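Hi everyone, thanks for coming. Let me put the sequence and the structure up on the screen, and then we can walk through them together.

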Amino acid sequence: ETAAVRGKQRPLRDAVIFALTRLGCFSNREIGRVFGIGYTGVTEAAKRGARYVAEHESLRARFEEQQL
């Protein structure tokens, strides 16, 4: 089963992908399979997610609390 998300929820999807890549527990291929994107798309989504987290203070604080 995939968790493909489109539209308004995409920034949050990208932030989750960013978090998963930071954890280092999963390969890009595994993350991509869950979200219905290619493994190369995971890298781009993680970059967008990192920017989204940096731009939103409350989200950034949560990431820092979890040491992500």
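A word on terms to begin with: helices here are DSSP runs of H or I with at least four residues, strands are runs of E with at least two, and both are numbered from the N terminus. What you see is a predicted model, in which local features need pLDDT of at least 70 and side-chain atom pairs count only at pLDDT 80 or more, while totals for chains, interfaces and linings use all residues. Residues are numbered from 1 along each chain as its sequence is written, and side-chain values use heavy atoms, with hydrogens and water left out.

Now the overview. Of its 68 residues, 24% are buried, where buried means under 20% relative accessible area, exposed means over 50%, and partly exposed lies in between, with a 1.4 Å probe and protein chains only. Taking contacts (heavy atoms within 4.5 Å) with a separation of 6 or more, 59% are between residues 24 or more positions apart.

Let's start with helix H1. H1 has 14 residues and reaches 20 Å from its first C-alpha to its last, close to the 20 Å expected at 1.5 Å a residue; the expected span is 1.5 Å times one less than the number of residues. After H1 comes Gly-24, with a positive phi near 75°.

Which residues of H1 are buried? They are Arg-13, Asp-14, Ala-15, Ile-17, Phe-18 and Ala-19, and they pack against helix H2 (28-35), H3 and H4.

Two of these carry charged side chains by our classes, in which Asp, Glu, Lys and Arg count as charged, Ala, Val, Leu, Ile, Met, Phe, Trp, Tyr, Cys and Pro as nonpolar, and the others, Gly among them, as polar. Arg-13 sits in helix H1 (residues 10-23) and is buried, with a relative accessible area of 8%. Arg-13 is 22 residues from Phe-35 in sequence, and their C-alpha atoms are 8.3 Å apart. Asp-14, also found in H1, counts as buried at 3% relative accessibility. Beyond its neighbours within four places in sequence, Asp-14 contacts Ala-45, Ala-46, Arg-48 and Gly-49.

How do the helices cross? Axes here are lines fitted to C-alpha atoms, for helices over the stretch in contact, and angles run from 0 to 180 degrees between N-to-C directions. The axes of H1 and H3 come within 7 Å and cross at roughly 105°. That makes H1 roughly perpendicular to H3 (65 to 115 degrees; under 35 is roughly parallel, over 145 roughly antiparallel and the rest oblique). The contact of H1 with H3 has eleven nonpolar, two polar and four charged residues.

Helix H3 (residues 39-55) and helix H4 (residues 57-65) have axes that come within 5 Å and cross at roughly 110°. Their contact is made by Tyr-52, Val-53, Ala-54 and Glu-55 of H3 with Glu-57, Leu-59, Arg-60 and Phe-63 of H4.

Last stop: the structure holds one aromatic pair. The ring centres of Phe-18 and Phe-63 are 5.6 Å apart and their planes are at 15°, so the pair is stacked. Rings of Phe, Tyr and Trp (its six-membered ring) pair if their centres lie within 6.5 Å, and planes under 30 degrees apart count as stacked, over 60 as edge-to-face and the rest as tilted. Phe-18 in helix H1 and Phe-63 in helix H4 are 45 residues apart, and both are buried.
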